[in-house]
Amino acid sequence: MEAEKWGRRIRAYRKLKGYTQESFAKELGVSVSILGEIERGNRMPDERLIIRIAEFLGVGLDELTPQ
């Protein structure tokens, strides 16, 4: 359940900033399949990846963190 919330928020912010899954995965240094797994809620991103995601999206961790 928690992974799904993270995935929805990451996907929403990624789309809001105009990134495709492919371009965003490349920026993060992860495969498209890993990013897809995260966005679908099948995989929980580790803390370092969450920080990189927030930095690339230009959002604070508090905005990215599911409520």
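Q: Where is Arg14 found?
A: Arg14 is found in helix α1. Please note that the model is predicted.

Q: And is Arg14 buried or exposed?
A: Arg14 has a relative accessibility of 6%. Buried means under 20%, so Arg14 counts as buried.

Q: Which residues is Arg14 in contact with, leaving aside neighbours within four places in sequence?
A: With those neighbours left aside, the contacts of Arg14 are Tyr19, Thr20, Gln21, Phe24, Leu35, Glu39 and Leu57.

Q: Phe24 is in that list. Which residues of α2 are buried?
A: In α2, which spans residues 21-28, the buried residues are Phe24, Ala25 and Leu28. Seen down the axis of α2, they fall within an arc of 100°, so they line one face of the helix.

Q: What do they pack against?
A: The buried residues of α2 pack against α1 (2-16), α3 (32-40) and α4 (47-57).

Q: How do α2 and α4 pack, in terms of angle and axis distance?
A: The angle between α2 and α4 is about 120°, and their axes are 10 Å apart. Their crossing is right-handed.

Q: Which residues meet there?
A: From α2, Phe24, Glu27 and Leu28 meet Leu49, Arg52, Ile53, Phe56 and Leu57 of α4. By type, the residues of this contact divide into six nonpolar, no polar and two charged.

Q: Turning to α3, which of its residues are buried?
A: Leu35, Gly36, Ile38 and Glu39 are the buried residues of α3. They cover an arc of only 160° around the axis, which puts them on the same side of α3. These buried residues pack against α1, α2 and α4.

Q: Now the largest nonpolar core: which members touch the most others?
A: The core has 15 residues, and those touching the most other members are Ile10, Phe24, Ile53, Leu57, Val59 and Leu64. At least two residues of this core come from each of α1, α2, α3 and α4. The helix that gives the most is α4, with five residues.

Q: Finally, what is Ile10 in contact with, leaving aside neighbours within four places in sequence?
A: On that basis, Ile10 is in contact with Phe24, Ile38, Glu39, Pro45, Ile53, Leu57 and Leu64.

Methods
Residues numbered from 1 in each chain as written. Predicted model: local features only at pLDDT ≥ 70, side-chain atom pairs only at ≥ 80, totals over all residues. Heavy atoms only, no water. Buried < 20%, exposed > 50% of the residue type's maximum accessible area, 1.4 Å probe, protein only. Helix = DSSP H or I, 4+ residues; strand = E, 2+ residues; numbered from the N terminus. Arc of directions from axis to C-beta. Contact = heavy atoms within 4.5 Å. Core = buried A, V, L, I, M, F, W, Y, C linked by side-chain atoms within 4.5 Å. Axes fitted to C-alpha atoms, helices over the stretch in contact; angles between N-to-C directions. Left-handed = near helix turned anticlockwise from the far one by under 90°. Nonpolar A, V, L, I, M, F, W, Y, C, P; charged D, E, K, R; others polar.
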